[in-house]
Amino acid sequence: MYTSSITVDQVIDALKTFLTPFMPGAQIVRAQVNRVALPSNPCAVLTELLQVDLSVPATEYQPPVAPAPAIGTATIYGPSRIDVQIDFYGAQAGEFCKTVKTAFRSHWGFAHFPANIKPLYTSDGVQSPLLTGEQQYESRWTLTASMQYNPTVTVPQDFADDLGVASITPADV
């Protein structure tokens with residue numbers, strides 16, 4: 001089975017790790033889980049919105065090591081952008097949103113992500129209040145964080161290990 005070197009789950013985990021110090025005591029969860037209630041405030045909910053290829057895939061070939069059979073590998077690189085909506089809930093939602101946005105956009109933010117996952121940019125925060133099932137106002141601020149990750153897939157690749165010419169046929173026959 002051929003798998004990607006970086007999964008979306010790993011990207012979401014890196015974002016969660018980045019957010020945690022800015023929201024002490026808050027739960028940070030992934031959205032779109034059936035029959036799960038929203039955590040108590042304060043909390044943040046992460047929703048994947050979009051994945052975009054940043055270029056066409058590039059391939060790097062690694063020939064076999066002799067005297068092994070002529071099977072090497074091809075490593076396919078496909079830089080990608082993922083957009084994740086972050087919903088901040090609670091009385092401090094606006095402050096959490098502003099603080100995270102500022103740090104995410106800085107060199108400090110870049111340095112605090114893993115080497116293979118990096119922040120690109122965020123939208124500005126938007127206040128998007130909602131009414132709960134109990135018809136109560138819930139404070140919510142939302143921003144979209146865009147990150148780049150560079151997954152690779154390594155697959156077997158045939159290589160020729162012996163070439164020869166059996167006969168030469170003249171071109172003007």
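How are helix 1 and helix 2 oriented to each other, roughly parallel or roughly perpendicular? Helix 1 and helix 2 are roughly perpendicular to each other, a class that covers angles of 65 to 115 degrees, whereas angles under 35 degrees count as roughly parallel, those over 145 as roughly antiparallel and the rest as oblique.

The structure is a predicted model, in which local features need pLDDT of at least 70 and side-chain atom pairs count only at pLDDT 80 or more, while totals for chains, interfaces and linings use all residues. Residues are numbered from 1 along each chain as its sequence is written, and side-chain values use heavy atoms, with hydrogens and water left out.

The axes of helix 1 (residues 8-19) and helix 2 (residues 93-104) come within 11 Å and cross at roughly 115 degrees; such axes are lines fitted to C-alpha atoms, for helices over the stretch in contact, with angles running from 0 to 180 degrees between N-to-C directions. Helices (H or I, at least four residues) and strands (E, at least two) are DSSP runs, numbered from the N terminus. The crossing of the two helices is right-handed, the near helix being turned clockwise from the far one by less than a right angle. On helix 1 the contact (heavy atoms within 4.5 Å) is made by L15, F18 and L19, and on helix 2 by V100, A103 and F104.

Turning to the strands, an open sheet is formed by three of them in the order 3-4-11, with antiparallel pairing, where two strands pair if DSSP finds at least two bridges between them. Strand 3 (58-62) and strand 11 (152-158) stand at the edges, each with a single partner strand, so one side of each is left without a neighbour in the sheet. Neighbouring strands of this sheet are turned against each other by 25 degrees on average, direction ignored. Strand 4 (residues 71-77) pairs with strand 11 in the antiparallel sense over seven bridges, and I76 stands opposite V153 in strand 11.

Two loops complete the tour. L54 lies in the loop between strand 2 (43-53) and strand 3, and is partly exposed, with a relative accessible area of 39%, on a scale where buried means under 20%, exposed over 50% and partly exposed in between (1.4 Å probe, protein chains only). Leaving aside its neighbours within four places in sequence, L54 is in contact with P79, S80, R81 and Q148, and its C-alpha atom is separated by 9.8 Å from that of Y149, 95 residues apart along the chain. P42 is found in the loop between strand 1 (27-30) and strand 2, and the peptide bond from N41 to P42 is cis, with omega near -5 degrees.
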